[in-house]
Amino acid sequence: MTTKTRTKAKGRIFEAVHETASDLHRLGFIDKRKMSKFDALCLDPIPDYDSQQIRALRDHLQLSQAVLAAVLNTSLSTVRKWEVGDKHPSGPSLKLLNLLERKGLEAVL
């Protein structure tokens, strides 16, 4: 079984589990807190961003490095290091980059 096939199967399984949990939540068998755990479990993983992707995203949004750093609540030197490949984003910065890519600048302001 190839990785792509396993990923699709895993996605279908998580989709089925999430749909069942949603139905149980709607019927009152799963509380809101437990449903939040199912939501988090079934979310797609955040992809890694390399230096070229970060630069392309920044160019697409028409932001300077300083403004992107302010939006992500990180330092200008960190953004510079990401773009030259000396460092890689992780944690909240990675999540915010993904949010910027998917939803645009308005989503994080």
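Which residues of H4 meet which residues of H6?

**Entry 1. Basis.** I note that this is a predicted model, in which local features need pLDDT of at least 70, side-chain atom pairs count only at pLDDT 80 or more, and totals for chains, interfaces and linings use all residues. Residues are numbered from 1 along each chain as its sequence is written, and side-chain values use heavy atoms, with hydrogens and water left out.

**Entry 2. H4 and H6.** I looked up the contact and found Leu68, Val71 and Leu72 on the H4 side, meeting Ser93, Leu96, Leu97 and Leu100 on the H6 side. Contact here means heavy atoms within 4.5 Å. By class, I recorded six nonpolar residues, one polar and no charged. In this scheme Ala, Val, Leu, Ile, Met, Phe, Trp, Tyr, Cys and Pro count as nonpolar, Asp, Glu, Lys and Arg as charged, and the others, Gly among them, as polar. Helices are DSSP runs (H or I, at least four residues), numbered from the N terminus.

I then looked up the geometry. Two packed helices are described by the angle between their axes and the distance between the axes. The axes of H4 and H6 (residues 91–103) come within 10 Å and cross at roughly 110°. Axes are lines fitted to C-alpha atoms, for helices over the stretch in contact, and angles run from 0 to 180 degrees between N-to-C directions. H4 and H6 are therefore roughly perpendicular to each other. The angle classes are under 35 degrees for roughly parallel, over 145 for roughly antiparallel, 65 to 115 for roughly perpendicular, and oblique for the rest. I recorded the crossing of H4 past H6 as right-handed; a crossing is left-handed if the near helix is turned anticlockwise from the far one by less than a right angle, and right-handed if clockwise.

**Entry 3. H3 and H6.** How do H3 and H6 cross, and at what angle? The axes of H3 (residues 51–61) and H6 come within 11 Å, crossing at roughly 45°. The two helices are therefore oblique to each other, and H3 passes H6 in a left-handed crossing. On the H3 side I listed Ile54, Leu57 and Leu61, and on the H6 side Leu97, Leu100 and Glu101. These divide into five nonpolar residues, no polar and one charged.

**Entry 4. Leu100.** Leaving aside neighbours within four places in sequence, I found Leu100 in contact with Leu57, Leu61, Leu68, Val71, Leu72, Leu105 and Val108.

**Entry 5. Asn98.** I looked up a second residue of H6, Asn98. Asn98 counts as buried at 8% relative accessibility. Its side chain makes a polar contact with that of Tyr49 at 3.2 Å, and another of 2.7 Å joins it to the side chain of Arg102. A polar contact is a pair of N or O atoms within 3.5 Å; within protein, one must be able to donate a hydrogen and the other to accept it, and residues adjacent in sequence count only if both atoms are side-chain atoms.

**Entry 6. Gln65 and Asn73.** Gln65 lies in H4 (residues 65–72), and its side chain makes a polar contact of 2.8 Å with the side chain of Glu83. Asn73, in the loop between H4 and H5 (76–84), is exposed, with a relative accessible area of 74%.

Notes
Buried means under 20% relative accessible area, exposed over 50%, partly exposed in between (1.4 Å probe, protein chains only).
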